[in-house]
Amino acid sequence: MERSRTPKENYLHNFTYNEQEFSFNKAKELMSKHLDFDGSVDLDESINGISKVCLNNPLTKNALNGKMMLDLEKIVNKLDQQIECKGVILYGADGNFCSGGDLNMMKQMNNPEMGYAMATYMNNILDKFKKLPMITVAFIEGSGALGGGAELTTACDYRLMSTKMETTAIGFIHAKMGIVPAWGSTGRLMSIMGRQNTLNLLLDSRPLRAAEAMDIGLVDGTVATLQDATDWLSQKTRHHVNVIRAIKRTLSCHDDGTDGRAAALMERKIFAPLWGGPANQMALDQYFSRNK
């Protein structure tokens with residue numbers, strides 16, 4: 001008769017969590033019990049079509065805690081309702097991006113059930129952030145984006161690194177902490193830079209500086225300051241707001257894993273209102289006025 005496996009043997013056999021499942025709302029309820037931390041995530045309202053989201057917990061180099069995660073959800077929902085915003089910059093307070101998850105919170109929640117709840121909650125939020133109908137940029141500076149901070153950047157359309165400090169880095173250092181990414185970033189990384197680069201990145205588990213991160217396609221460019229990042233994004237979003245949002249929505253319908261025919265149908269539905277719309281009519285008028 002085959003003996004039953006010990007809990008350790010069962011884990012090594014399955015490599016999966018097999019306990020209680022959580023809906024998003026249940027996961028949020030559990031996360032809401034861990035709000036006794038400093039820090040916030042703040043939204044600077046849109047100026048010239050660009051909004052800024054600030055990770056604000058300077059004493060921990062903007063490490064994410066439960067309160068900040070709930071703040072981020074509120075901001076994502078608010079951004080989703082904006083109709084004139086064309087771009088969003090995600091950055092950190094006091095010249096640092098994000099050092100990862102707050103270790104004090106992690107110690108407080110250090111069991112599989114809470115790990116699963118947190119992963120469920122953050123995966124949902126970052127998926128919604130990725131689908132926002134505007135162009136998003138993570139501006140990585142100072143001590144850089146590490147662990148959960150690096151995962152945040154994968155929900156953005158672009159990642160820019162600051163040149164002000166040579167030591168600024170982006171690092172998926174999860175393996176060194178005895179864990180793996182769980183906020184949806186593994187799949188996003190594979191879309192960004194391919195399976196092999198993702199595998200190497202996670203196995204190496206070390207911070208990458210700008211040149212190396214750019215070589216593998218993880219980072220899209222370098223700028224010096226937040227204002228430079230804003231100017232960079234302004235160039236990307238110089239077209240009419242309806243066009244910018246349509247481009248993002250078209251990409252998102254493919255990112256969703258929608259089959260080819262359904263995605264093509266959605267492209268046509270997104271395109272149709274633009275044909276003869278304000279931006280299209282203005283472009284036609286300018287063309288014909290130049291070529292009289």
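## Close-up views of a predicted model

**View 1. Six strands line up in another open sheet.** Follow the strands across and you get the order β1-β2-β3-β4-β6-β9, again with mixed pairing. At the edges stand β1 (40-47) and β9, each with a single partner strand, so one side of each has no neighbour in the sheet. Ignoring direction, neighbouring strands of this sheet are turned by 25° against each other on average. Strands of a sheet are held in pairs by backbone hydrogen bonds, and the pairing can be parallel or antiparallel.

**View 2. Strand β3 sits under cover.** How many of the residues of β3 are buried? Six of its six are, so β3 is mostly covered. Look at which way the residues point: G87, I89 and Y91 go one way from β3, while V88, L90 and G92 go the other way, and all are buried.

View 3. Strand β2 (residues 50-56) is joined to β3 by six bridges, and the two run parallel. Within that pair, V53 stands opposite L90 in β3. Strand β3 (residues 87-92) also pairs with β4 in the parallel sense, over four bridges. There, I89 stands opposite V137 in β4.

View 4. Which residue of β6 is the bridge partner of V137? The partner is Y158. Four bridges connect strand β4 (residues 135-140) and β6, which pair in the parallel sense. Strand β9 (residues 221-223) is joined to β6 by three bridges, and these two run parallel as well. In that pairing, L160 stands opposite G221 in β9. Four of the five residues of β6 (residues 158-162) are buried, so the strand is largely enclosed by the rest of the structure.

**View 5. S162 belongs to strand β6.** You'll find S162 in β6. Is S162 buried or exposed? With 5% relative accessibility, S162 counts as buried. A polar atom of the S162 side chain lies 3.1 Å from the backbone nitrogen of K164. Leaving out residues up to four places away in sequence, S162 touches F139, I140, E141, T168, V223 and A224.

**View 6. T153 is tucked into helix α6.** T153 has its place in α6 (residues 148-153). Its relative accessibility is 0%, so T153 counts as buried. A polar atom of the T153 side chain is 2.7 Å from the backbone oxygen of A150. If you skip residues up to four places away in sequence, T153 touches F97, A138, I140, A145, R159 and I170.

View 7. Helix α5 (residues 112-130) has 19 residues. From its first C-alpha to its last, α5 reaches 26 Å, close to the 27 Å expected at 1.5 Å a residue.

**View 8. Cysteines without a disulfide.** The disulfide count comes to zero. C54 is in no disulfide, and the nearest cysteine sulfur, that of C98, is 11 Å away. C54 is buried, with a relative accessible area of 8%. What about C85? The closest cysteine sulfur to that of C85 is in C156, 13 Å away, which is too far for a bond. C85 has 1% relative accessibility, so it counts as buried.

Technical notes
Residues numbered from 1 in each chain as written. Predicted model: local features only at pLDDT ≥ 70, side-chain atom pairs only at ≥ 80, totals over all residues. Heavy atoms only, no water. Expected span 1.5 Å × (residues − 1). Buried < 20%, exposed > 50% of the residue type's maximum accessible area, 1.4 Å probe, protein only. Pairing = 2+ DSSP bridges. Axes fitted to C-alpha atoms, helices over the stretch in contact; angles between N-to-C directions. Polar contact = N/O pair within 3.5 Å; in protein donor to acceptor, adjacent residues only side chain to side chain. Contact = heavy atoms within 4.5 Å. Disulfide = S-S within 2.5 Å.
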